[in-house]
Amino acid sequence: MPAFHLSDPHKDFTHPESRELLRGIIAKQGAGLTGYDLACVFNGHLPAGTAAECCAYLRPLYQLFRNPQEEYAAQIWEDILWIWLVQERPALESLNQHQRIIDELRRIVHDTLLPVPWLPEQGAGGIYARAAMLTSWMSSPWGEAETESILNALASGGEAQQFILLRLFLDIKNPIGISAPKEAFATFAARFEAHFRESTALYDAALMLSDIPLPANDSSGSTFHLKETLEECERYL
């Protein structure tokens, strides 16, 4: 059996086209996998392999998470936190992998999602993806204890961290499209608001960013989205 094998335990790849897709992913043997490939492997409640089989794909998965602006990165991150780690916990613990995966995700939070190598001309995509991933992490049972330290790091950071902080703030005020379970997100939102209740950090962030010269809008509308973030904040600050 190849090192990278997927047995389709949930019989989700039964159509000829989907079977061919799965064969194509297996044939790559872990090299050159796309975000879509990994979305198929770790597909919500219907992963393409057993826990042990999916673990072979962890290295390319972590590589994807370290490029959060890539398509599917934020989506798969949410699936891992809210579905796979919960659904497969007994099997992953028997493989001595469950805590290792959580520890690696924590490293990604601190070495990739927080220290953002970003400039305004790089657009909004990386900012929005990191904000979504941090929201999921701080709402999850694996990351909730780090909420205070993460919010402090964002509040004391540079332009990118300030934008991420304001995106988190806006998501709390208008949580459309938030994938975290309602109760978990509500708990995170309460912690966030309590953290900044006696602070001017959010207002200071919006004030600082309002003075940053943004580049001309590009085809993706990224500058528009950055300006929209600041304009929306004016409604609440």
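The following legends describe close-up views of a predicted model.

Local features require pLDDT of at least 70 and side-chain atom pairs count only at pLDDT 80 or more, whereas totals for chains, interfaces and linings use all residues. Residues are numbered from 1 along each chain as its sequence is written, and side-chain values use heavy atoms, with hydrogens and water left out.

**View 1. Packing of helices α5 and α7.** Helices here are DSSP runs of H or I of at least four residues, numbered from the N terminus. Helix α5 (73-87) packs against helix α7 (residues 98-113) at an angle of about 155°, and their axes are 12 Å apart. Axes are lines fitted to C-alpha atoms over the stretch in contact, and angles run from 0 to 180 degrees between N-to-C directions. Angles over 145 degrees count as roughly antiparallel, and therefore α5 is roughly antiparallel to α7. The crossing of α5 and α7 is left-handed, a term for a near helix turned anticlockwise from the far one by less than a right angle. Residues in contact (heavy atoms within 4.5 Å) include Trp77, Ile80 and Trp84 of α5 and Ile101, Leu105 and Ile108 of α7.

**View 2. Packing of helices α4 and α5.** The axes of α4 (residues 58-65) and α5 come within 9 Å and cross at roughly 125°. Helix α4 is therefore oblique to α5; oblique angles are those left after under 35 degrees (roughly parallel), over 145 (roughly antiparallel) and 65 to 115 (roughly perpendicular). This crossing of α4 and α5 is also left-handed. On the α4 side, Leu58, Leu61, Leu64 and Phe65 meet Ala73, Ile76, Trp77, Ile80 and Trp84 in α5.

View 3. Glu88 occupies the loop between α5 and α6 (89-94). Glu88 is buried but has no salt bridge. Buried denotes under 20% relative accessible area, exposed over 50%, and partly exposed in between (1.4 Å probe, protein chains only). A salt bridge is a side-chain nitrogen of Lys or Arg within 4 Å of a carboxyl oxygen of Asp or Glu. The nearest side chain of opposite charge to Glu88 is that of Arg89, 12 Å away; Lys and Arg count as positive and Asp and Glu as negative, while His and the chain ends are not counted. Leaving aside residues up to four places away in sequence, Glu88 touches Pro47, Ala51 and Ile83.

**View 4. Salt bridges.** The count of salt bridges comes to eleven. Asp37 pairs with Lys28 in one of them, the closest N and O atoms being 2.6 Å apart. Asp37 is buried, with a relative accessible area of 5%, and Lys28 is partly exposed at 30%. In α7, Glu104 and Arg107 are three residues apart, a separation of about one helical turn, and the closest N and O atoms of their salt bridge are 2.8 Å apart. Glu104 is buried at 13% relative accessibility, and Arg107 is partly exposed at 45%. Asp171 forms a salt bridge with Arg167, with the closest N and O atoms 4.0 Å apart, and both residues are buried. Salt bridges with shared partners join Arg66, Glu104, Arg107 and Asp111 into one network.

View 5. Lys11 lies in the segment before α1 (16-27). Its phi is near 55°, a positive value in a residue other than glycine, and Lys11 is exposed at 60% relative accessibility. Asn96, in the loop between α6 and α7, has a positive phi of about 60° although it is not a glycine. Asn96 is partly exposed at 47% relative accessibility.

Terms used
Helix = DSSP H or I, 4+ residues; strand = E, 2+ residues; numbered from the N terminus.
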